Amino acid sequence: MNVNKLETRLQEGDGLLQAFFENSPNLIFVKDRQSRYLYANKQFKNAFHISGEIRGKTDDELFSAEQSAAFLAVDRQVLQTGLLMKFEDVVLYEDGVHTRIVQKFPLFNAEGEIYAIGGAVTDITDRKREESALRYSEENYRLVVETAPDAVISIDEGGAILFANPAAVRIFGYDPTELIGKPLTVLMPEFLRKLHEEGFSRYLATGQRHINWQGTELTALRKNGQEFPVEISFGELSRDGHKVFTGFIRDISERKQVEEMRAAHARQIAVRADVSMAFGKEESLKTILGECSEAIVRHLDAAFARIWTLNDDGTMLDLQASAGMYTHLDGSHSHIPMGQFKIGMIAQERKPHLTNDVLNDPRISDRAWAEKEGMASFAGYPLSVGDRTIGVLAMFSRKPVTPETTETLASGADLIAQGIERKHAEDRLRDSERSLRQLTETIPQMLWSAEVDGAIDYCNQRVLDYTGLSAEQVRGAGWMKSVHPDDIGKMEQAWKAAVSTGMPFQYEFRGRRAADNAYRWCISSALPLRNQEGRVIKWFGTVVDLHDWKEALQALQMTQTELARVSRVTTMGELAASIAHEVNQPLTAVTNNSSACLRLLAAGNLQAEVLRRALEEIVADGNRASAVVARIRGFIKKEPAEKNELDINEVIQEVLVLAGRELVENRVLIECQLTKALPLVLADRVQLQQVLLNLIMNGVEAMIAVKDQPRSLWVESRVDGSGDILVAVRDTGTGLSSEAHRVFTPFFTTKANGMGMGLSISRSLVENHGGRLWATPNSPNGAVFSFTLPVSSGSPA
Amino acid sequence: MTSDPIVFVVDDDASVRSSLKFLLSTVGLQVESFDSADTFLRKKPAGVPSCLVLDVRLPGLSGIDIQRELAARNIRIPIIFLTGHGDIPMSVRAMKAGAVEFLTKPVRDQDLLDAVRIALEQDRARREQEKEVTDLQLRFDSLTSREQQVISMLVSGMLNKQIAAELGTAESTVKVQRSRAMEKMQAQSLVDLARMIEKLKSPSQRAS
């Protein structure tokens with residue numbers, strides 16, 4: 001066959017062939033040896049948008065130079081080798097680049113010569129694209145499956161494992177090939193196997209799913225027997241009429257753990273939040289602790305929770321709150337002695353007690369109860385602040401206590417302990433503030449405070465009552481309204497000075513009392529309150545009404561002056577009485593004798609002898625009276641108070657004479673030990689007499705009670721160690737007893753009719769002379785009163 | 001009351017004692033003197049009218065103490081106090097306690113003698129009164145109890161008839177008992193009897 005014949009057959013002849021060619025999806029063409037197209041089918045023409053006759057055309061005419069060269073090169077190869085050339089090429093079509101499989105083959109004639117080149121082109125652009133995608137996808141899947149952290153396992157309808165990825169092997173702990181062919185149930189714990197088998201066969205039979213295929217949490221079994229939580233998703237696909245199920249199994253142990261931790265953390269936060277919130281409320285401690293124990297029960301799944309606080313003396317734990325199955329606060333757990341039972345021991349040891357085996361715990365006393373109620377665990381925590389225990393938090397649970405729970409309890413206990421402590425502190429502070437406020441409002445004392453600038457910002461009710469001003473009126477400088485106009489200026493000045501210098505303030509002024517609208521003497525004092533830097537931040541002051549006190553003081557001073565005077569007068573009066581008696585006795589005798597004589601004379605019955613005896617007596621009594629007068633003359637004459645140089649012994653003698661009658665009447669024996677030629681003292685004679693008389697009379701009176709022994713009074717004068725004159729009056733009376741230190745106190749007296757002024761006045765008289773007066777006990781009984789007087793500077797001694 | 005009265009003098013001053021004795025002797029009075037309260041109190045009570053001249057200021061017991069002590073012993077001797085100075089509260093106290101006079105030394109002789117005379121007169125009257133009461137008591141005690149009843153009713157103003165009715169006897173019996181009682185009491189009249197009974201009713205007094 002030659003080209004012509006072929007041409008004819010292609011053009012006209014073989015209709016069947018042409019039908020094939022024209023309807024083939026492939027591009028079919030025939031070229032002659034010169035690579036001129038003899039034929040190209042419709043697909044060819046369509047692909048390259050060739051219209052009209054193609055016969056006789058060359059590739060040069062139809063394609064780009066580059067492509068036509070490539071085509072021709074292949075044609076040449078076919079012609080040279082006489083072999084079929086099959087290759088893929090990439091050609092630019094009108095609609096883009098196409099990948100094609102090109103087959104060019106020689107057409108031989110009868111002589112075995114190549115007379116033409118046939119070509120068939122299959123466009124594989126689409127297939128190529130699909131192939132590429134598929135290959136990528138498979139690769140991808142393989143990669144995903146191989147590297148997936150999750151186990152991927154496929155099973156057949158019989159439940160046997162067809163495939164397991166490396167993760168599956170790793171997760172379940174098998175060798176890579178070990179799993180293939182094994183039933184899936186080896187990866188399940190015993191209790192799931194039956195369930196799985198039933199569900200699986202039900203599905204195969206009915207298509208009814210017994211579990212959710214997407215994300216079901218189940219328990220899986222490792223080769224080593226360990227169970228662990230997994231999340232499973234799976235699907236099915238049919239291959240060759242058989243169903244294959246592929247599951248993705250994720251080990252969620254860690255996630256579970258994390259979730260559990262997160263939940264525990266959330267519980268802890270919830271407990272802490274509830275506890276904090278409870279303590280934030282303005283409620284009683286009992287109520288607050290009640291809420292705390294409720295929070296423990298609610299968040300930690302406790303059967304019940306209780307809180308005890310330690311009492312003030314640290315001996316007893318008092319139940320404050322109980323939540324859960326028991327809410328009563330009375331009964332046997334109401335008060336637990338420190339150190340006793342499990343609660344008391346927790347408090348004493350200051351260590352938590354935890355057990356998940358209450359039935360066998362030696363500290364759980366009531367096991368029968370625990371067993372009946374199904375209690376599994378007990379957790380008790382001491383409530384401690386610093387190194388002090390202030391209570392116990394405890395709970396019973398029907399479930400084991402996890403470490404997270406104990407952590408939450410510990411943290412809750414901490415928070416509750418701090419809360420209790422804070423609450424106590426707050427209560428104390430509130431109480432102290434309240435009592436302070438009550439104090440300032442109820443204290444019978446006028447109190448005020450002022451700002452740094454001296455403006456009054458607070459006065460208590462006493463001030464308001466006193467001044468009659470309102471709290472508003474007294475504020476700032478309003479207080480001055482109640483100050484006497486004559487005092488305002490100076491007082492304000494003094495206050496301003498105190499405010500500017502920060503020195504304590506004190507001022508006496510006349511304040512108006514609203515009750516009687518009278519100005520009364522008051523004293524206001526104030527001290528500054530300073531901050532840590534020493535800066536004045538506030539002033540606190542008082543006002544005291546001194547009026548009555550001042551008047552009383554004046555009255556007292558007057559009374560004392562009066563008393564001193566009266567006492568002197570009394571002493572003088574007694575002296576006068578004594579003198580009168582002394583003088584009256586002889587005068588009486590004189591008078592009587594004279595009167596008797598006159599009577600006898602009048603009756604003419606006066607005998608000379610009688611008269612002589614009477615006259616003798618009269619003379620004697622007259623002399624006696626004059627002696628008395630002479631003795632007391634000094635005392636009387638030197639009455640005006642003035643200091644002269646005196647011989648103390650003279651004064652002692654004078655006083656002893658004055659007191660003589662008292663001494664005799666009371667049978668007191670006087671013993672004098674007077675040192676001769678003592679230096680003189682500069683003193684008021686009368687005052688010294690008063691002092692001495694007082695001491696002597698005291699001694700006499702102290703001895704009146706003494707019946708069983710002689711009443712002796714020693715009077716001694718000498719120069720003492722420091723060169724002063726010392727006079728001592730020593731008695732054997734009742735003594736000073738325990739009240740020795742009080743005898744010099746004004747108005748102190750041991751005498752029924754005494755005023756208690758004698759020794760007090762005597763001491764001040766002695767002290768006015770620069771001396772001292774003191775008392776010491778006498779041995780074996782009685783007292784010694786001694787005084788010293790300085791020697792006169794003009795004294796020769 | 002036939003015996004001479006005695007003036008007791010208590011003073012610690014010997015010349016005062018002797019001058020008082022001298023003065024009182026000029027009006028014929030018997031004087032017995034003591035130098036202290038103790039010595040006076042140890043003396044047996046005198047059976048004759050007497051009085052006491054007492055110095056207020058004495059060693060040991062004072063004059064006022066003696067007055068109190070005498071009263072406690074129910075010895076009713078009139079007292080004249082002598083004092084060295086006019087102590088008004090003390091004199092008031094003494095007078096209230098029954099002193100006859102409170103005189104200041106040196107005393108005017110006439111004042112003292114007057115006081116002593118009054119005191120002795122008081123004591124004499126008291127002694128006579130006490131004597132009379134004692135006699136009356138003796139007479140009254142000699143009556144039968146029915147006679148005592150009858151005269152008690154008589155002096156209370158009841159008539160014979162009433163007394164008889166009260167005692168459940170005849171009026172004639174009352175008349176007999178009445179005249180016998182009046183006779184025993186040595187009463188001159190009913191008025192006399194009434195005075196006697198009145199005296200007996202005043203608290204019985206012991207002679208000193």
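**Cores and chains of a predicted model**

Leaving aside neighbours within four places in sequence, Cys292(A) is in contact with Val275(A), Ala278(A), Ile307(A), Ala321(A) and Ile416(A), where contact means that the C-beta atoms of two residues, placed from the backbone, lie within 7 Å. This is a predicted model, in which local features need pLDDT of at least 70 and side-chain atom pairs count only at pLDDT 80 or more, while totals for chains, interfaces and linings use all residues. Residues are numbered from 1 along each chain as its sequence is written, and chains are lettered from A in the order in which they are written.

Cys292(A) belongs to the largest nonpolar core, of 45 residues, where Cys292(A), Ile296(A), Val392(A), Leu393(A) and Ile416(A) touch the most other members. Such a core is a set of buried Ala, Val, Leu, Ile, Met, Phe, Trp, Tyr and Cys residues joined through C-beta atoms within 7 Å, and a residue is buried if 20 or more other C-beta atoms lie within 10 Å of its own. Among the elements of chain A that give two or more residues to this core are α10 (285-300), β16 (388-397) and α13 (403-442), and α10(A) gives the most, with seven residues. Helices (H or I, at least four residues) and strands (E, at least two) are DSSP runs, numbered from the N terminus. Apart from this core lies another, of 44 residues, among them Val16(B), Ala37(B), Leu54(B) and Val107(B).

Chain A, with 21 helices and 28 strands, has 797 residues, of which 29% count as buried. Chain B has nine helices and five strands, and buried residues make up 32% of its 208 residues.

Terms used: Buried ≥ 20, exposed ≤ 12 C-beta atoms within 10 Å, placed from the backbone.
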